[in-house]
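Hi everyone, thanks for making time for this.

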Amino acid sequence: MSTPAAFPDRDTTAAKLSSFGEAEQAFVKLLMENPEQDEDLMEGLHRHLDLAAEARFLNTLKLERVGEWLGNEAPPRLQMRLMEVARSSQHAAYQAFRNGLIKSGGLQRAFPKA
């Protein structure tokens, strides 16, 4: 027997992050509520950033907006992982995403300085 496909798969998550309207934001929020789907979310985010890095046109404003939104909406357990994803490449797509995360201040809220 084959193992069932993970839902949502990384391509579905990447597509939701790419279009990122209200319905897609609701989908991503639902993913973030369940810790068991953290890996699917991170794989989809990597896929989204990789596709953006390969694209002919790099929409840094959109990537920054996605980073800022995720930084504001993600629970504290995901903040460090989001920053790890953002720092995993020096490509401009990853830098734009990282800029959005930094703007959101999510990491500072999750791990306040004493």
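Let me begin with one term: a polar contact is a pair of N or O atoms within 3.5 Å, where, within protein, one must be able to donate a hydrogen and the other to accept it, and residues adjacent in sequence count only if both atoms are side-chain atoms. Before we use it, please keep in mind that this is a predicted model, in which local features need pLDDT of at least 70, side-chain atom pairs count only at pLDDT 80 or more, and totals for chains, interfaces and linings use all residues. Residues are numbered from 1 along each chain as its sequence is written, and side-chain values use heavy atoms, with hydrogens and water left out.

Now to Gln79, which sits in helix α5, residues 76-86. Helices here are DSSP runs of H or I with at least four residues, numbered from the N terminus. The side chain of Gln79 comes to 3.1 Å from the backbone oxygen of Gly71. Is Gln79 buried or exposed? Gln79 is buried, because its relative accessible area is 4%; buried means under 20%, exposed over 50%, and partly exposed in between, using a 1.4 Å probe and protein chains only. Leaving aside neighbours within four places in sequence, Gln79 is in contact with Leu70, Gly71, Ala74, Gly106, Leu107 and Ala110, where contact means heavy atoms within 4.5 Å.

Val85 counts as buried, because its relative accessibility is 4%. Beyond its neighbours within four places in sequence, Val85 contacts Met42, Leu45, His46, Leu49 and Tyr94.

His46 belongs to helix α3. His46 is partly exposed, because its relative accessible area is 29%. Setting aside neighbours within four places in sequence, the contacts of His46 are Val85, Ser88 and Tyr94. Along the chain His46 and Tyr94 are 48 residues apart, and their C-alpha atoms are separated by 9.3 Å.

How do α3 and α6 pack? Helix α3, residues 38-54, and helix α6, residues 92-104, have axes 8 Å apart and an angle of about 125° between them. So α3 is oblique to α6. For the terms, axes are lines fitted to C-alpha atoms, for helices over the stretch in contact, and angles run from 0 to 180 degrees between N-to-C directions; under 35 degrees is roughly parallel, over 145 roughly antiparallel, 65 to 115 roughly perpendicular, and the rest oblique.

On the α3 side, the residues are Leu45, His46, Leu49, Asp50, Ala52 and Ala53, and they meet Ala93, Tyr94 and Phe97 of α6. Of these, Ala93 is buried, because its relative accessible area is 0%. Leaving aside neighbours within four places in sequence, Ala93 touches Leu49, Ala52, Ala53, Leu58 and Leu63.

Last stop, the core. Which residues have the most contacts inside the largest nonpolar core? They are Val28, Met32, Leu45, Leu70, Leu82 and Phe97, in a core of 27 residues. A nonpolar core is a set of buried Ala, Val, Leu, Ile, Met, Phe, Trp, Tyr and Cys residues joined through side-chain atoms within 4.5 Å. Helices α2 (22-33), α3, α4 (60-73), α5 and α6 each supply at least two residues of this core. Leu45 itself, leaving aside neighbours within four places in sequence, is in contact with Leu17, Leu70, Leu82, Val85 and Phe97.
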